[in-house]
Amino acid sequence: MELTTFSMVLRYTLQLEDQTGQFYRALAANSNLMQAKDLFTKFADNSDRRKKDLERTARESVDHSLLEPVSGLFEETCTINTAIPNDASITDAISTARALEDKMQKFYTEAGDKINFISNVSRLYKRYAQDRTKALASLQDFT
Amino acid sequence: MVQATKVIDQKEAPLVRNYVNGEWVASKSTKFLDVVNPATTEVLARVPMSTKEEVDEAIQYAKEAYQEWRELPPLTRGRYMFTLKNLMEEHFEEASQILTKEHGKSIDEARGEIRRAIECVEHAAGIPTLMMGYNLETIAPGLDEECVLQPLGVFACLPPSNFPGMIPFWFLPYAIACGNTYVVKPSSEVPLTMNKLGELMDEAGFPPGVVNIVNGSRDVSDALLKSPDVKGVSFVGSTPVARYVYSTATASGKRAQCQGAAKNFLLVMPDANLDKTMPAVMNSVYGCAGQRCLAGANVVAVGDDAFYEKLKKKLTDSARATKTGNGLDESVQMGPLRSKAAMDKVLSYIDTGLKEGAKLILDGRNIKVPGFEKGYFIGPTIFDNVDPKSKIGSEEIFGPVMCLIRAKDFNEALRMIDENPYGNAASIFTSSGKWAREFKHRVQAGDIGVNIGIAAPVAFFPFSGWKDSFFGDLHGQGFDAINFFTERKVVISRWF
């Protein structure tokens with residue numbers, strides 16, 4: 001589905017962060033993956049923080065006079081896979097996490113450009129894109 | 001209080017109450033109007049046409065409250081603003097939903113409107129600084145002079161139906177922060193948002209009588225306009241009524257700031273970045289279904305035929321892609337017209353355009369919105385080759401209708417704006433600093449956009465309509481609001 005309004009973009013982003021947070025919480029709770037527990041917990045906490053910041057910043061920044069239609073941004077380009085079996089190995093978990101972070105990084109970059117009419121939120125998206133790049137590096141270091 | 005969330009059979013629809021002297025009271029009136037959700041046509045509530053006696057009573061309570069309210073230190077009055085701001089944040093989504101239901105605008109637009117209302121409260125919270133006077137020592141040997149700003153008494157507001165959350169807040173927070181007391185008569189078409197904000201003001205704990213809400217129609221307005229106890233009136237609406245309110249209020253010595261209609265021009269220069277211009281023009285023309293006094297109405301292509309055709313195609317493609325529907329659906333970009341009467345008026349203008357010979361290249365009539373077949377919808381509409389002096393090219397349509405106009409050069413385009421009786425807003429889209437500078441310097445309008453479709457001043461700047469778009473001297477918001485709601489007192493002192 002195409003995300004054609006600011007609200008749709010925001011709502012979808014919150015869904016993604018929700019999904020991401022749940023994914024990392026599940027990994028952190030998995031006894032097979034204890035060696036990465038702290039990293040996954042940190043990533044889950046970051047998702048929660050981003051959700052709160054996004055909701056607040058969007059609420060404080062939305063302005064009827066600046067709203068513009070959004071085009072060319074589709075949910076399908078950032079469908080993330082968070083399904084992972086309970087007996088997954090650390091390699092599988094890190095690999096899935098890296099794919100997720102890579103998609104999120106691209107989504108935040110693209111969506112940040114599309115909603116540049118609400119500049120505070122757009123800036124936040126760009127910062128989160130950088131956060132995801134750092135998360136990718138952390139995952140790389142871990143392996 | 002009234003809950004605008006359920007639908008209700010007309011007879012069962014809750015009655016909107018007045019807020020007078022810190023109490024929610026039922027009007028004694030036997031006359032009511034339905035408050036109708038324009039997307040669904042369901043009756044959300046019924047609003048009373050309050051009587052003159054009820055207005056007079058509210059004014060008297062406001063007058064009594066003024067005596068103590070004005071004595072509070074500005075810092076204390078500012079603290080009420082902080083409390084109100086926090087409550088508005090807390091109830092932000094609820095207020096936005098109510099606004100969309102009663103007005104029809106998209107939920108994003110409603111959120112954006114409530115945000116603007118909050119910004120005015122935030123600005124007014126700085127009243128200790130905003131209300132400072134000035135002084136000069138030694139204006140003559142041993143003499144000092146100072147100017148202080150003092151409140152005047154009871155003020156009133158008559159807001160329109162298109163921004164029931166934002167427009168009362170261009171005035172109300174400033175008026176009461178300055179130490180005045182206030183009576184609002186919400187638009188009878190859309191009283192529920194103000195009703196919700198009234199609940200928040202009640203919860204904020206303003207002393208009884210500082211803020212009062214009296215629902216009704218022209219009788220209520222006239223009672224406010226003619227009361228000798230009301231010191232000033234703020235109005236936003238059509239130009240004939242703005243003129244009436246201004247002349248009636250000022251005839252009895254009141255202050256008045258009255259905003260009227262608009263016909264805003266968007267000039268697109270050949271050097272404009274068209275890809276970035278399109279979304280801004282779409283929001284300007286079709287945002288709030290064109291029911292904004294800052295809405296772009298006449299899009300002027302400045303240049304040759306090839307540029308005109310190129311712009312026309314881009315505009316038509318973008319407009320065609322605009323999704324019309326129930327504003328509560330987050331994918332919707334344009335909601336319905338506010339009422340059946342509003343829709344009929346726009347349809348009538350479309351007929352007029354056809355009779356005048358303009359070419360209808362995108363026809364929004366008869367649009368079908370699945371699930372909302374009874375709603376007051378008109379889709380994005382574009383007239384090609386419009387004469388700026390024709391009826392559709394010169395009058396405010398107040399709907400999602402774009403008039404596309406040709407101008408051979410910048411001067412011809414500017415002349416079109418000059419010759420239009422209204423002067424609320426005008427925008428230019430260009431990559432040239434020279435054209436931008438020329439435009440903002442020469443154009444005869446009060447709110448100017450450079451690569452901006454809706455040049456809506458933020459809380460700290462005045463909302464500056466010109467010509468037949470404004471009657472008065474001091475505008476809403478900004479320092480103009482502080483000056484409107486205060487009187488100057490000059491004190492010259494000498495001590496022996």
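This is a predicted model: local features need pLDDT of at least 70, side-chain atom pairs count only at pLDDT 80 or more; totals for chains, interfaces and linings use all residues.
Is B:Cys147 buried or exposed? B:Cys147 counts as buried because its relative accessibility is 5%. Now look for a sulfur partner: the closest cysteine sulfur belongs to B:Cys178 and lies 13 Å away, which is too far for a bond.

Next, select B:Cys120. The structure has zero disulfides over all chains. B:Cys120 is in none, and the nearest cysteine sulfur, in B:Cys157, is 11 Å away. B:Cys120 also counts as buried, because its relative accessibility is 0%.

Move on to helix α10 of chain B, residues 274–286. Its 13 residues should span 18 Å at 1.5 Å a residue, and the end C-alpha atoms are 17 Å apart, which agrees.

Begin at the start of this helix. Select B:Asn273 and B:Asp275: a side-chain oxygen of B:Asn273 comes within 3.2 Å of the backbone nitrogen of B:Asp275.

Then colour the helix by burial. In α10(B), 11 of the 13 residues are buried, so the helix is largely enclosed by the rest of the structure. The buried residues include B:Leu274, B:Thr277, B:Pro279, B:Asn283 and B:Tyr286.

What do the buried residues of α10(B) pack against? Show these elements of chain B: the strands β12 (264–268), β13 (296–302), β15 (381–384), β16 (401–407) and β18 (425–429), together with helix α11 (305–320).

Finish just beyond the helix. Select B:Cys288, which comes just after α10(B) and takes a positive phi of about 55°.

Note on methods. Residues are numbered from 1 along each chain as its sequence is written. Chains are lettered from A and ligands numbered from 1 in the order in which they are written. Side-chain values use heavy atoms; hydrogens and water are left out. A disulfide is a pair of cysteine sulfur atoms within 2.5 Å. Buried means under 20% relative accessible area, exposed over 50%, partly exposed in between (1.4 Å probe, protein chains only). Helices (H or I, at least four residues) and strands (E, at least two) are DSSP runs, numbered from the N terminus. The expected span of a helix is 1.5 Å times one less than its number of residues. Contact means heavy atoms within 4.5 Å. A polar contact is a pair of N or O atoms within 3.5 Å; within protein, one must be able to donate a hydrogen and the other to accept it, and residues adjacent in sequence count only if both atoms are side-chain atoms.
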